[in-house]
Amino acid sequence: MRSNYRRHFLYAGILVVVFTLVIQWILDLSLPLPAIQGSAQSAAIDNLIGQHVWLIAGAGALVLVIMGYSIVAFRARPGEEDEEGDYFHGHYGLEIAWTVIPLIVVAIYGVIGTQVLAQVTAPQDNEMTVEVEGLQWSWRFAYPGHGEFQTTEMVVPVNQPLLLSMSAVDVLHSFWVVEWRVKQDLVPGIVTELRVTPTEVGEFQLRCAELCGLRHAYMLADVRVVLQEDFDAWINEQLE
Amino acid sequence: MSALAADAIEVYRTATRNNRMGMWLFFFSELFLFGGLLITRFALWVDEDGHIIRPELDQNVGLIVTVVLLASSYFMNRSEVAIANGRKRDFLVSLWITGFLGVVFLLGVVIFEWGLIQLPFIEHHIGPTDGVFGAVIFGMTGMHAIHVITGVAFIVVVWRNGRRDVYTEERHWGVEACAIYWHYVDLVWIFFYPAIYLIGHAVH
Amino acid sequence: MLMQLGLTRGLIYQAAGTVLGMVVAMVWRLLAGMELWDQEVVFVVGGLVGGFSFMWGVGAIDDWLEWCRGKATPLVHGPPRDKPAWTRYFSTDYNHKVIGIQYSVTSLLMLMIGGSFALIFRAELAQADLQFLGIGMYNKLIGLHGWAVIAAILLGVGGMANYLVPLMIGAEDMAFPRLNAFAFWINVPGALLLLASAFLGGFDAGWTAYPPLSTQGSVGYQFLFLAIYFVGLSSILGSLNLLVTILTMRPKGMDLFRIPIFCWAVLATSLIQLTATQAIGTAFLMGLSERALGMGFFDPEGGGNPILFQHIFWFYSHPAVYVFVLPGLGIISELLPVFSRKPLFGYRWIALSSLAIALVGFLVWGHHMFTSGYSQYLRIPFMIATLLVAVPTGVKFFSWVATMWGGRLRFPTPMLFTLGAISVFLLGGLTGPILATVASDLYLHDTYFVVGHFHATLFGGFVFPFCAAIYFWFPKITGRMYNETLGKLHFYIMTPAFWLMSIGQMTVGTMGMRRRIVDYDPTLGGGLIEARHLETTIAAFLIGLSILIMIYNLVTSAEIGVRAPANPWRSRSPEWQIPSPVPEHSFAAPLQVVGEPYDYGLEEEYVVMDESQAGHTQAH
């Protein structure tokens, strides 16, 4: 064999580590999640995305570096135009390694993913139900247990676990508040549920995330997360 | 037998082998169409508690058309065996009966099952617009009927060619293709019939 | 002259057939005592009859009609006798090389049409607010863009497979040449119906056409459903043909683990196309009949279920993604050894990984529907199954870089595109697990992140490898070399532009940009979203420019390029052992396999021609 592979492996290995960090840094800049983590679910999901970014960086660096390294180190230099590469056509150990190791990684990420899913969808004891109705192209909200009224803006108390009970009148819609991260479709004929606990007081926007016809882009609603006493006051206001 | 003729037979056998594989791959593909319809039936025909249900249909119609179609498959098999043994008359007669039974099946479906033609002694029919029952019945039987119509057309073509001595004992891929296609369409009905008529609680 | 072309006759027949079908439908309605005009029924019957009339007019069913009348028709290869040779490309021709080129050129055409739709709405998205495009127009263009490029990709896959597979396995032609011609031509009425749907109000539910929106919209949906039915029929028949060809027509000594690796990719692809395509046919047929006949499959009023459509739709449409990319990955595996001058690393593993991806691909459709509202618990098995796809895909990546390791790499244009394909597909592939994981998908689903992800997979899995394949086999097809400078220019514009575009899309997606919206909130991402969108738009236009450079290169080089030798790349594959351009009857003598396909560095050949059998052509 003409090439000194041990040296090449060493250099490439160092570069993989360096590039994992570089790519991770680039991805962090390129994939800016919204600054506000508005719900109890947000942090868990953001962390999960962060973990995936590391996976992307590591696996990406591994392939890109070995590819880039080969392009530089194993290019046909002037005078080598007619030369052939080193003759080897497989290696069982390596093949098994890069089948089994990804399998383990996949299993780990599968477990993490399942745990986070369980965490963000877990029912809470003191849930407050809000009925959400989507129709072309607006939203309606009702507060069972707080009286008979419907609103076009959503007002909820902070740190109160919510159970959104959602239905669609005409076509598919999807409930999405960017700051709350989680999303759920509304389907005509069935009731879908979404659990979310707002943790930040403020004014947000609810956006429909499932193409629902002409004015889909503008199917928005205001969402206000307020303190409990403000919420109670608001309820009383609605009842009057 | 001259060398040229032997060569030609060899060519025909190779081509038939490829044709046969193509035909079976086509059936394999169609499996996903009919399977999709069956899945639709079992997904949509359930009540609130998740029990499988079915509409109340005229059991006599279902049973009769099923028997007719099964009988047609028997004659199709007779027909193929006959041509393979060089009994041309037998082949044509059996094929004719198959086609006839196919048409009877179609008429049974169109008149009695679908009620497209109004007859005084038939009172109530499910129409295609009658909720999921109507949609699924017409979807399944309609897709099956399209295949039966193609099959009858196939039989007519093979029958006409058969009268002109196109097929011989060695060379009758056309008949074989027609036969396996017919059996396949028959087989599909064997799954569709219980799915539509028998499985689940009848609801009115 | 024009009337001598099958295409012209086909178009006239299609127009006449459409009118005839509409009239028949109206007369039938009148006789049945219904109102004369029901646009749903009338247009469906018209479109259907028109489509098959095209096939009659173009001459794709002539031989079969003769067979029905009991007459055998000999298969004649070669240019038409009484017409100029070029007319065969616009008429029914049974030579797989002609059909392959028909597929590929139609594919490029559709790719440019579909791409132009994208450039229109990309220009609109460069700034927030509405500029020049109406909302309704935007909603229609996105769906049209989607289906036009999907049709283009299916055509491109068909083009590569039809041209290359028989050459690679040393077969005279495909197993069923007439079926092959039929499978190509049925795409033309399909594509016309698709584009014509825009004039009937278009379809405004995106390419996925989810009901109930799709069962309520304008009659353009019916033409969409019919178009996809025709294109799907092409997929089924074409894949059936390829499967029989690969399985039965290999020469002596070429067992399944000695076929060129691209054929393995085609094998896996064809298995998917043969089966899964029926599912989208079923889903769209249900949509069609719900609209035309009031059959309420998806209408909750009568007990129907809109989510059922999504299940059936994605049962095809997810495996379809592997139809789009597996042949491209096969091209990568095919080209890397040639330009690395080294055997393909782990041939069997790469071959079987294609099959593994195809099979696992049938179990993952649910990941498109994590937020749709189906059973909570089913989401976890779908997540795990989807993550598992990473394993065989990883095997491919690692085998590719191992193929390059220790080689003597050379970088003509096809190799550049191969490397570009790996890097871009890597981006697409690695952004998959984050979407496959339910919790992170709850945030990213239906955002522009998804758009960035699948554009990366489709560019890396199809567009880049397709370009590589075009440049690589251009000398074999035309007998002339392409212009290397222009080829490299194309690469050096398209690759960085694509990276910029795709990452730009992902960036705005994580900022909170939804998919399929004409207008967005400019305050998202701390007010930076508009700048990212502008970059993305500029990058998209650069990609368009680079494609034009490629077209110019191909057209001019076919006329004035340097004459190509038989084997400019010193490849071991069978198609390079015969003259360029490939003669009408590809192989003068049957092939015999004496070695391995990728043993670069060894003296012995892969295939030799059995000269003693020269002149003995395979029969059909």
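Author: In this predicted model, domain 1 of chain C and domain 2 of chain C bury about 1,800 Å² between them, and carbon and sulfur atoms give 79% of that area. The domain assignment places domain 1 of chain C at residues 1-74 and domain 2 of chain C at residues 99-613. To the contact, domain 1 of chain C brings 22 residues and domain 2 of chain C brings 18 residues. The C-alpha centres of these two domains of chain C are 31 Å apart.

The polar part of this interface can be listed briefly. Between domain 1 of chain C and domain 2 of chain C, four residue pairs are in polar contact, counting pairs with both residues at pLDDT 80 or more. The salt-bridge rule finds two salt bridges across the interface of domain 1 of chain C and domain 2 of chain C. Elsewhere in the list of pairs, Arg291(C) and Glu40(C) form a salt bridge, with 2.8 Å between their closest N and O atoms.

On the side of domain 1 of chain C that touches domain 2 of chain C, the elements giving two or more residues are α1 (6-31), α2 (39-58) and α3 (62-68) of chain C. The largest share of that side comes from α2(C), with twelve residues.

Arg408(C) sits in the loop between α14 (390-404) and α15 (413-430) of chain C. Is Arg408(C) buried or exposed? Arg408(C) counts as buried because its relative accessible area is 7%, and the cut-off for buried is under 20%. The side chain of Arg408(C) also reaches another chain: a polar contact of 3.3 Å joins the side chain of Arg408(C) to the side chain of Glu83(A).

The cysteines remain. How many disulfides does the structure hold over all chains? The number is zero. Cys178(B), for one, is in no disulfide, and the nearest cysteine sulfur, that of Cys68(C), is 11 Å away. Cys178(B) is buried, at a relative accessible area of 2%. Cys467(C) is likewise counted as buried, with 2% relative accessibility.

Notes:
Residues are numbered from 1 along each chain as its sequence is written. Chains are lettered from A and ligands numbered from 1 in the order in which they are written. This is a predicted model: local features need pLDDT of at least 70, side-chain atom pairs count only at pLDDT 80 or more; totals for chains, interfaces and linings use all residues. Side-chain values use heavy atoms; hydrogens and water are left out. Helices (H or I, at least four residues) and strands (E, at least two) are DSSP runs, numbered from the N terminus. Buried means under 20% relative accessible area, exposed over 50%, partly exposed in between (1.4 Å probe, protein chains only). A polar contact is a pair of N or O atoms within 3.5 Å; within protein, one must be able to donate a hydrogen and the other to accept it, and residues adjacent in sequence count only if both atoms are side-chain atoms. A disulfide is a pair of cysteine sulfur atoms within 2.5 Å. Domain bounds come from an automatic or database domain assignment. Contact means heavy atoms within 4.5 Å. Buried area is the accessible area (1.4 Å probe) that two parts lose on being put together, summed over both. A salt bridge is a side-chain nitrogen of Lys or Arg within 4 Å of a carboxyl oxygen of Asp or Glu.
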